[in-house]
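The sequence and the structure come first.

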Amino acid sequence: MRTYLDFEKPIADLEARLEETKRLAQTSNVDVSEAVKVLEQSIDKLRREIFQNLTRWQRVQLSRHPDRPYTLDYISLMCDQFIELHGDRTVRDDPAMVGGFCDLGRNGGPDQTVMIIGQQKGRNTKQRQHRNFGMPNPEGYRKALRLMKLAEKFNKPIITLIDTPGAFPGLEAEERGQGEAIARNLKEMFMLTVPVICIVIGEGASGGALGIAIGDRVLMLENTWYSVISPENCSTILWRSWDFKEQAAEAMKLTARDMEMYKLVDGIVEEPLGGAHNDHQEMAYILKNVILDALAQLNALEPQERINQRIDKFCSMGVVLE
């Protein structure tokens with residue numbers, strides 16, 4: 001059963017009528033082709049109207065949609081011969097952070113071997129507990145860095161997929177050096193000699209996202225957000241209640257359009273009509289082509305030139321007022 005958000009309910013009602021009409025055609029000799037065509041056109045028109053006028057909070061809701069594709073979904077749809085690598089060689093393997101080598105390639109074109117790394121959430125309660133709700137521990141960030149260094153050793157580009165409500169804030173994570181692990185990733189990613197492309201595919205919260213988000217190209221899917229804090233937590237701090245999360249989202253300006261306007265990301269990847277959850281295959285196809293186009297541009301640059309541009313880009317962010 002597909003999940004519908006509150007603002008998608010009008011679409012759900014029409015789609016229910018469409019299914020009912022199709023069932024009628026199967027159980028009787030009545031010709032309903034014209035009615036089906038009208039309903040399909042109405043659904044398409046309504047979906048366009050709704051998704052062209054989304055609020056910031058509605059985009060936050062879409063980024064968390066339970067049917068939205070996660071990192072492993074994109075890997076299975078975009079990649080051939082994915083070889084997952086495990087462990088940080090210090091503590092343990094962190095299931096909230098996944099990664100490994102795989103092949104990307106257009107139809108008829110040569111394959112491009114890349115290292116792909118990302119945070120992984122779960123579909124059900126058991127999977128969410130296993131993946132720690134997509135919140136990596138320090139060993140997750142150390143594993144990510146180990147894989148990046150391995151990619152650099154074999155001169156393979158790095159793709160990171162960001163989807164996390166934040167790094168795990170538990171006491172044990174802090175005891176094992178959560179802040180140090182993220183800070184080290186920031187430092188090391190600036191100096192990687194291979195192309196690095198970072199894409200926010202869902203939630204991009206705080207240092208948990210930033211720990212794998214220093215790249216030559218930082219992109220966001222259309223219905224994602226990227227901020228130092230979630231709207232709910234911002235509302236809790238400012239209003240002592242989660243009830244003002246919608247106002248907080250508007251004030252924070254955390255969507256892909258906002259990030260592009262402030263030059264905090266390099267571009268936006270358009271999603272299929274209705275959001276990425278509406279068509280996983282199409283979303284993966286779009287994302288794969290965007291990645292390959294960006295890699296073609298970055299592969300043409302010398303390593304030191306990429307590093308200099310990467311450093312200059314991040315150093316130019318923000319405004320200083322005296």
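Domain bounds here come from an automatic or database domain assignment. The model is predicted, and on that basis the protein is divided into domain 1 (6–53) and domain 2 (60–316). The centres of domain 1 and domain 2, taken over C-alpha atoms, are separated by 35 Å. Contact between the two involves 6 residues of domain 1 and 8 residues of domain 2.

**The largest pocket**

The volume of the largest pocket is about 370 Å³. Its lining consists of 21 residues, and those nearest the centre of the pocket are R64, K121, F133, P165 and E203. Sorted by class, the lining residues of the largest pocket comprise 10 nonpolar, 6 polar and 5 charged. Two elements, strand 5 (196–205) and helix 10 (231–239), each contribute at least two residues to this lining.

| Helix | Residues | Buried residues |
|---|---|---|
| Helix 4 | 71–78 | T71, Y74, I75, M78 |
| Helix 11 | 245–252 | A248, A249, M252 |

How are the buried residues of helix 4 placed when seen down its axis? In helix 4, T71, Y74, I75 and M78 are buried. They fall within an arc of 100 degrees, so they line one face of helix 4.

For helix 11, the buried residues are A248, A249 and M252. Because these cover an arc of only 100 degrees around the axis, they are on the same side of helix 11. The elements that cover the buried residues of helix 11 include helix 3 (56–63), strand 7 (225–227) and helix 10. Helix 10 also supplies at least two residues of the lining of the largest pocket. Just after helix 11 comes K253, which takes a positive phi of about 50 degrees.

**Q178 in helix 8**

Is Q178 buried or exposed? This residue is found in helix 8 (residues 178–190). Buried means under 20% relative accessible area; Q178 has 4% relative accessibility and therefore counts as buried. With neighbours within four places in sequence left aside, Q178 is in contact with P136, N137, P138, Y141, A167, F168 and A173.

Conventions
Residues are numbered from 1 along each chain as its sequence is written. This is a predicted model: local features need pLDDT of at least 70, side-chain atom pairs count only at pLDDT 80 or more; totals for chains, interfaces and linings use all residues. Side-chain values use heavy atoms; hydrogens and water are left out. Buried means under 20% relative accessible area, exposed over 50%, partly exposed in between (1.4 Å probe, protein chains only). Helices (H or I, at least four residues) and strands (E, at least two) are DSSP runs, numbered from the N terminus. The arc is that of the directions from the helix axis to the C-beta atoms. On a 1 Å grid over the protein atoms alone, a cavity is a set of points where a 1.4 Å probe fits but cannot get out, and a pocket is an open set with protein on both sides within 12 Å along at least five of seven lines; lining residues have an atom within 4 Å of a point. Grid points are joined across faces, edges and corners, and a volume is the space filled by probe spheres set on the points. Ala, Val, Leu, Ile, Met, Phe, Trp, Tyr, Cys and Pro count as nonpolar, Asp, Glu, Lys and Arg as charged, and the others, Gly among them, as polar. Contact means heavy atoms within 4.5 Å.
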